[in-house]
Amino acid sequence: MIKCDVCVIGGGAAGLMAGIFAAKAGVRTMIIEANPTAGRKLLRTGRGRCNLTHTGSIDDFVRAYGPFGRFVQHSLYEFSPDDVRGFFAEKGLRTKVEKNGCVFPITDRAADVKRILVDTGRRLGIEFVYGRRIEAVEKCTGGFFVKGSGDLVCGKTVIIATGGVSWSFTGSTGDGLRFAADFGHEIVEPRSALAPLVTAEAWPGELEGLGLERVCIITELGDKKLSVTGPMMFTGDGIGGPAVFDLSRLITDVLAEGAEPIEAWIDLLPDVSHQELDELVVARCSAAPKKELAGAIAAILPRAMVLKLCHWLCGSRIVQAGQLPKAKRVELVNMIKGLAVTVKAVRPIAEATITRGGVDTGTI
Ligand SMILES: Cc1cc2nc3c(=O)[nH]c(=O)nc-3n(C[C@H](O)[C@H](O)[C@H](O)COP(=O)(O)OP(=O)(O)OC[C@H]3O[C@@H](n4cnc5c(N)ncnc54)[C@H](O)[C@@H]3O)c2cc1C
């Protein structure tokens with residue numbers, strides 16, 4: 001039997017950080033990870049760049065957690081987003097702020113974040129055990145038995161840091177939820193959050209892979225108006241990308257509870273007003289009246305999107321820009337400023353960036 005003061009189950013971002021702070025306090029710490037290495041999911045964060053934190057005051061962060069702000073605020077005050085940046089800077093990895101306030105390592109490499117966490121842990125004397133999946137945690141006198149393949153571990157304290165259930169191929173299969181439930185914690189059903197959305201319409205599939213730099217998606221839930229802004233892309237069966245992920249977070253529960261599909265409107269050019277766009281279309285059409293409509297307005301949006309809009313507007317007819325009737329121009333502008341989609345589902349949790357639900361914070 002191996003004894004330690006703190007046994008951390010899971011060597012992801014949370015487990016590594018928890019282990020580092022335990023070891024810093026001078027106690028014998030062990031991190032047990034099912035994978036052959038630590039931080040498998042961490043390496044994929046921020047498209048391999050790792051969006052470490054965000055700018056803003058601690059109160060802004062607390063507010064962003066909504067009803068869970070109270071639960072996380074103590075931790076945020078103990079170790080603030082600035083402390084996160086300071087922690088990595090101290091170890092030689094400076095960070096940079098991008099225009100949306102997102103903070104990334106200056107090297108743009110999640111691998112550097114992981115390396116620093118693992119190296120810091122090693123220097124502090126953490127014992128890393130890789131390739132051992134824990135199957136159960138049981139209370140014993142003076143601590144907990146941590147049982148899995150290999151030697152029995154007895155920890156005076158156990159930290160469950162096994163992650164959620166999204167991207168489970170990286171190791172987060174939900175074991176920790178089971179361990180917590182065995183100790184009497186309520187588990188809120190895990191659901192997809194920050195995931196692509198499936199639309200009732202099939203046409204997004206025809207534009208699969210097409211990305212739009214900045215859209216605004218608007219929908220209504222009861223009398224609540226929801227609006228998200230950011231990049232978006234079309235997927236095989238709907239829409240994805242950061243703005244859509246944001247929206248998915250807000251509608252996951254509603255769709256899971258069997259609500260009717262949700263109508264949403266995509267403003268493809270949110271920084272241009274209705275009138276400005278109308279003037280732009282008029283200008284483009286008058287500058288090249290003999291050109292085919294799609295060609296004349298090509299620069300407004302990516303070509304595949306323009307072709308799609310023109311197809312909806314005119315069918316297979318070839319319409320010269322100078323011949324576009326006013327009513328059709330108004331229709332075109334309305335489509336660009338509010339392309340309707342019907343959201344019928346959120347993609348499965350395996351594809352979600354994060355898990356919604358898990359251990360009920362009210363039982364901690
Ligand atoms: C594509 C993608 C991009 C993302 N981008 C960002 C981003 O830029 N910024 C950001 O903040 N977040 C991002 N996230 C979310 C972020 O990855 C997670 O919030 C973070 O990894 C959670 O850390 P964790 O340690 O709680 O869980 P995990 O990283 O999932 O780690 C849990 C670890 O526990 C291990 N484990 C599980 N069960 C057992 C067991 N029974 N025994 C032993 N070990 C076990 C797993 O193998 C795993 O290594 C992204 C997620 C995805 C999928």
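Helices (H or I, at least four residues) and strands (E, at least two) are DSSP runs, numbered from the N terminus. The views show a predicted model, in which local features need pLDDT of at least 70, side-chain atom pairs count only at pLDDT 80 or more, and totals for chains, interfaces and linings use all residues. Residues are numbered from 1 along each chain as its sequence is written, and side-chain values use heavy atoms, with hydrogens and water left out.

**View 1. Helix α11 and the residue that follows.** Helix α11, residues 303–314, has 12 residues and reaches 16 Å from its first C-alpha to its last, close to the 16 Å expected at 1.5 Å a residue, where the expected span is 1.5 Å times one less than the number of residues. After α11 comes G315, whose phi is positive, near 65 degrees.

View 2. In α3 (residues 69–78), G69, V72 and L76 are buried, meaning under 20% relative accessible area, while exposed means over 50% and partly exposed lies in between (1.4 Å probe, protein chains only). Seen down the axis of α3, these buried residues fall within an arc of 80 degrees, so they line one face of the helix; the arc is that of the directions from the helix axis to the C-beta atoms. On the other side of α3, R70, H74 and E78 are exposed.

**View 3. The surroundings of T95.** T95, in strand β4 (residues 95–97), is buried, with a relative accessible area of 14%. Leaving aside residues up to four places away in sequence, T95 touches L52, R85, V103, F104, P105 and I106, where contact means heavy atoms within 4.5 Å.
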